[in-house]
Amino acid sequence: MKVGISGVDEAGALANLDSEPGGFDAVRAKTQGDWDTALGAVKFEAPAPMRRIFATALYHSLLAPSVWSDSDGRYRGPDDQVHQATGFTVRSTFSLWDTFRAEHPLLTLIQPEKTNSDIVRSLIASQQHSPDGILPVWQFAGRETWTMIGYHAVPVIADAYMKGIRGFDADAALQAMVASADHASYGGLGEYIQRGYVPIDKEPEAASKTVEYAYDDWTIARMARRMGKTDIAERFEKRAGNWRNSFDAKSGWLRARLANGSFRTPFDPTAINYGSDYTEGNAWQYSWFVPQDQAGLFRLLGGDAKTVKKLDAMFDFDKSKVDYSHAEDIAGLIGQYIHGNEPSHHVAYLYSYAGAPWRTQERLGQIVRSQYGAKPEGLSGNDDLGQMSAWLIFTALGFYPVAPGSNEYVIGRPFLSQATLALPGGKQFAIRTDNLSDANPYIRSVTLNGTPLTRSYLRDDEIRQGGELRFVMGAKPNKLWGKGAKARPFSSSTASTTIPHD
């Protein structure tokens, strides 16, 4: 049986069938060859069962965004009209609330050409054809579902641009990003723009929306600054600080505020309900969502020691004390850390921002052991179009993009004995791990191209120019590595460098 599909018309479906000549065996052979090439972007060695877990995750991460345009370039847009793509393949099925975190940053490394020629251009085209004039929020088969919150196509585009990925109209991209951030009728944005926060008596899930909008705004500012658009950069740099307006420094929690400025009461940091103050989470998860300025958050929490204590309290919380059976998408609990849903995904890496990367190394071992396995139930939650798998890929390699748009990756700890990333221009970036075993969960030292690396982060350009990252593991932690203030990852309030514009 042969089946053709099209989002345009029957003629498109038939033409799509005809575009793959040669019968079943020929199509199968070509498809297998395409997958071999795609999966070959990361060559690795690891002890079982990590070998199977990592390979499966790599496969999962390359399943989406899926092809949406027909073989002749026609596609149906969010306006339900047929459009013609020229020079790129239109892609759809964007679970952006999930995938901006690690899935899209992963694609910038292992499929940079697809990121610029297909993904970013598809996002821009969608905004241009959207009846609402905004970038996709959660797009399925070319149509907007309005699922989840934020305007997270923005960090996907900004992260690609900041990493030097081009092949798309940057001015049109920035225009689309600003249009999305200024669309007042979407998700309480009008209130956010006016007040600096989303009020809970005007809009549900207000606390989450405030901090997610603030992060997205920061990525707009980063790209605008790089492009030399100073007026746009300054406006969105100011908006990026709006996370403070929903953070209750007295209690140490992110909380929803009313339109009159007061925090809503009663308040329970463990409460999870749809339509509540938070999106698929509670104050335990969302109080950590300031990827652009973790140092600023930690100052409000009282400094490094108090931050580490609160992080430990999150992981060590007695989960038997709360009942989350009524909550959707809450799985993979380690205390109040919820790995089966995305708001927690960066939290284990935050110890490094407090000068305690050895604690990150411990927590990553705890998460990988309990949340991934070489078995049918090997994921604690649904894969969310590759995000759960992309988290594992980055973590296994030894680093993770806590703040896409910063051009930095926070070093965690590796779970592979060695890996090689195939990069454009024939370059390679190799990761080598000495003394890898369950008995050696801690980083003793790190070198980059043979030179000792004493900071707890990697820069994107250090990966793209090729080279070797080598870890030496041991049974005891090196508590001095990455401890100093200058050794810590990027935070906007402590960043000492400016962004050169193009």
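**Aromatic cluster.** I looked up the aromatic residues and found that Phe100, Tyr215, Trp218, Tyr278, Tyr286, Phe289 and Phe490 form one cluster. The model is predicted, so I note its limits: local features need pLDDT of at least 70, side-chain atom pairs count only at pLDDT 80 or more, and totals for chains, interfaces and linings use all residues. Residues are numbered from 1 along each chain as its sequence is written, and side-chain values use heavy atoms, with hydrogens and water left out.

**Ring pairs.** I took rings of Phe, Tyr and Trp (its six-membered ring) as paired if their centres lie within 6.5 Å; planes under 30 degrees apart are stacked, over 60 edge-to-face and the rest tilted. By this rule I have 27 aromatic pairs. Tyrosine 215 and phenylalanine 289 are an edge-to-face pair, because their ring centres are 5.9 Å apart and their planes stand at 80°. Tyrosine 215 is in helix α10, while phenylalanine 289 is in the loop between α12 (283-286) and α13 (294-300), so the pair ties together parts 74 residues apart in sequence. Helices (H or I, at least four residues) and strands (E, at least two) are DSSP runs, numbered from the N terminus.

I then checked burial: buried means under 20% relative accessible area, exposed over 50%, partly exposed in between (1.4 Å probe, protein chains only). Tyrosine 215 is buried at 0%, and phenylalanine 289 is buried at 4%.

I also looked at tryptophan 284 and phenylalanine 317, whose ring centres are 5.9 Å apart with planes at 65°, so this pair is edge-to-face. Tryptophan 284 sits in helix α12 and phenylalanine 317 in the loop between α14 (304-316) and β11 (333-334), 33 residues apart. Tryptophan 284 is buried at 7%, whereas phenylalanine 317 is partly exposed at 22%.

**Nonpolar core.** I defined a core as a set of buried Ala, Val, Leu, Ile, Met, Phe, Trp, Tyr and Cys residues joined through side-chain atoms within 4.5 Å. The largest has 135 residues, of which Met223, Trp391, Phe399, Phe429 and Leu469 touch the most other members. Helix α10 (residues 206-226) gives the most to this core, with 11 residues. For leucine 469 I listed contacts (heavy atoms within 4.5 Å). Leaving aside neighbours within four places in sequence, its contacts include Phe399, Phe429, Val446, Leu453 and Leu458.

**Near the start of the chain.** Which segment holds isoleucine 5? I found isoleucine 5 in the segment before α1 (10-18). Isoleucine 5 is exposed, with a relative accessible area of 68%.
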